[in-house]
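Colleague: I'd like to learn how to read the ring contacts and surface features of a model. Could you walk me through one?

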Amino acid sequence: MAHVETLQKRMTFGELGLLITFGLLAFASIIIFARAWTPEYAFHALLFAAGSIAAVFAIGNRYLDRPAAPPPQTIDGKPNYNLGPIKFATIAAVVWGVAGFLVGLIIALQLAYPWLNLDLPWISFGRLRPLHTSAVIFAFGGNVLIGSSLYVVQRTCRARLAGDLAPWFVVLGYNFFIVVAGTGYLLGITQSKEYAEPEWYSDLWLTVVWVVYLLVYLATIWKRKEPHIFVANWFYLAFILTIAVLHLGNNATIPLSLFSPKSYIVWAGVQDAMVQWWYGHNAVGFFLTAGFLGLMYYFVPKRAERPIYSYRLSIIHFWALIFLYIWAGPHHLHYTALPDWAQTLGMTFSVMLWMPSWGGMINGLMTLSGAWDKLRTDPVLRMMAVSVAFYGMSTFEGPMMSVKAVNSLSHYTDWTIGHVHSGALGWVAYISFGAVYCLVPWLWNRPGLYSLRLVNWHFWISTLGIVLYVSAMWVSGILQGLMWRAYTALGFLEYSFIETVEAMHPFYVIRALGGLLFLVGGLIMAWNIWKTIVAVEPQSTSDSGQPALVPAE
């Protein structure tokens, strides 16, 4: 009788370590909850305690249910990709996106009709505005970046994600940070730094999650079966590493007490402003640009079924962008106490950024060479192509606005809001939508999306929304700037501040209408994604039931 060796189930180092860590965190959170100085901080301590206890039970149940052997790295010679965390991040991105667009619409309406604040502190503009920015940038955009990066690194390296629980810790831990940060804004917990409002304990938690994210990504690349590191991975790595450095530098604080949410930043005065915009502009540069360029370099060629137009140009694009972007932050501080040489330095590097940015745009658009006809039949590819065009427009407008003569008109006006949303809605959101539309059928093993016609509706409705939003802000911003610096013959200001506010009202209404249309597009996408996931019968890739046109070779 043959001897059969049975593998004894043992708890892995990661499972045991996480069980102990979350157990201790739950215990500490309960103590902080009992001794917290404010009820808002006590609520967050309770969230940490509840989350830690849930994690202990989840890890324990998973250990009891899993087989003794670890998940195989390959099955029949093919990589056994870990798709579970990516599925969660994709769904979370859609949910957070719709929520973020909704909050944006609410605050746009509050600017047009201030009575909509309802005199309630929790939904005042001052609290909802950072909730909106964090929801769309870090919750929606962050989940797209984390999910897509974990997908791309596996596919391009032909290797399963490093770690067993670590990828789940990254995705779930990041979304827990979003919950803590978002509820903190509504409760009035903030350190009042643009794009960095969460207080010290949220920042500490995010630091741990982000370090694990970096280690998972690097370890996956380390064990790759493909010798070449695809260019998208370079952009993702730059995004992960630089955001870590920015986060640590800008959030260097001294907590008032373990039992208080309040902390004091170590920087002061103009140094604090300089560090903040070194962080703020490079959060745009490395979170909203480098990270999403990783999406562009993978999903555009994949969807178009064409190679990157110029791989050499992509490498030049990467190194030029990485070197130049980090110096551009001072252009946010023109005409302030920042030394003039530092302002000029920021302006100079901002203008220089135009070249690598347009190199990347040209590379993305020219990748469609030989596949332009697909823009007629594939609204997903059309959405990504338009996103690359918006990237080009925003990266021309940004350097132009950094020039001091232009900035003297645009600074502090709605023109800046228009510029930001041209990039955020046209570039970041559209490339994200395209990536989600690509990922969902791949992740859930569907032949295609539930409906391409709904993608078409999403594209045209949201594009109209962007045009209304951005054009309204361009016009109102320039009008605002001209009214602010108009003088009478006697040298007095010609318009009072309230007159400029009254002049903005029609444009604020148009902006809210644009935001409403963009939200409607997001809801259409959410419905399409949901129907794709729950579909049982294979869906036709063409709503007409006819096969799509074959592109010319």
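Predicted model: local features only at pLDDT ≥ 70, side-chain atom pairs only at ≥ 80, totals over all residues.

Colleague: Which residue forms an aromatic pair with tyrosine 297, and how is the pair arranged?

Modeller: Phenylalanine 235 does, and the pair is stacked, with 5.3 Å centre to centre and 25° between the planes. The label follows from the angle, because planes under 30 degrees apart count as stacked. This pair links distant parts of the chain: phenylalanine 235 belongs to helix H7 and tyrosine 297 to helix H8 (residues 269-304), 62 residues apart. Phenylalanine 235 is buried too, at 0% relative accessibility.

Colleague: How many aromatic pairs does the structure hold?

Modeller: There are 39 aromatic pairs. One of them joins tryptophan 234 and phenylalanine 318 and is tilted, at 6.1 Å centre to centre and 55° between the planes. Tryptophan 234 sits in helix H7 (residues 231-250) and phenylalanine 318 in helix H9 (residues 311-325), so their pair ties together parts 84 residues apart in sequence.

Colleague: Are tryptophan 234 and phenylalanine 318 buried or partly exposed?

Modeller: Tryptophan 234 is partly exposed, with a relative accessible area of 34%, whereas phenylalanine 318 counts as buried at 5%.

Colleague: Which residues form an aromatic cluster?

Modeller: Phe101, Phe140, Tyr430, Phe433, Phe459, Trp460 and Phe518 form one cluster.

Colleague: And where does a lysine lie over the face of a tyrosine?

Modeller: Lysine 9 lies over the face of tyrosine 63, 5.3 Å from the ring centre. Lysine 262 likewise lies over the face of tyrosine 264, at 5.2 Å from the ring centre.

Colleague: Turning to the surface, which residues form a nonpolar patch?

Modeller: Look for Tyr113, Trp115, Leu118, Leu120, Trp122 and Val509, which together have about 620 Å² of accessible area. Among them, leucine 120 is found in the loop between helix H3 (84-112) and helix H4 (125-157). Leucine 120 is partly exposed, with a relative accessible area of 36%.

Colleague: What does the side chain of glutamine 191 reach?

Modeller: The side chain of glutamine 191 reaches the backbone oxygen of alanine 196, at 2.7 Å.

Technical notes. Residues numbered from 1 in each chain as written. Heavy atoms only, no water. Phe/Tyr/Trp six-rings, centres within 6.5 Å; stacked < 30°, edge-to-face > 60°. Helix = DSSP H or I, 4+ residues; strand = E, 2+ residues; numbered from the N terminus. Buried < 20%, exposed > 50% of the residue type's maximum accessible area, 1.4 Å probe, protein only. Lys NZ or Arg CZ within 6 Å of the ring centre and 35° of its normal. Patch = residues over 30% accessible without salt bridge, like charges linked within 9 Å, V, L, I, M, F, W, Y side chains within 5 Å. Areas by Shrake-Rupley, 256 points an atom, 1.4 Å probe, with all protein chains shown as cover. Salt bridge = Lys/Arg side-chain N within 4 Å of Asp/Glu carboxyl O. Polar contact = N/O pair within 3.5 Å; in protein donor to acceptor, adjacent residues only side chain to side chain.
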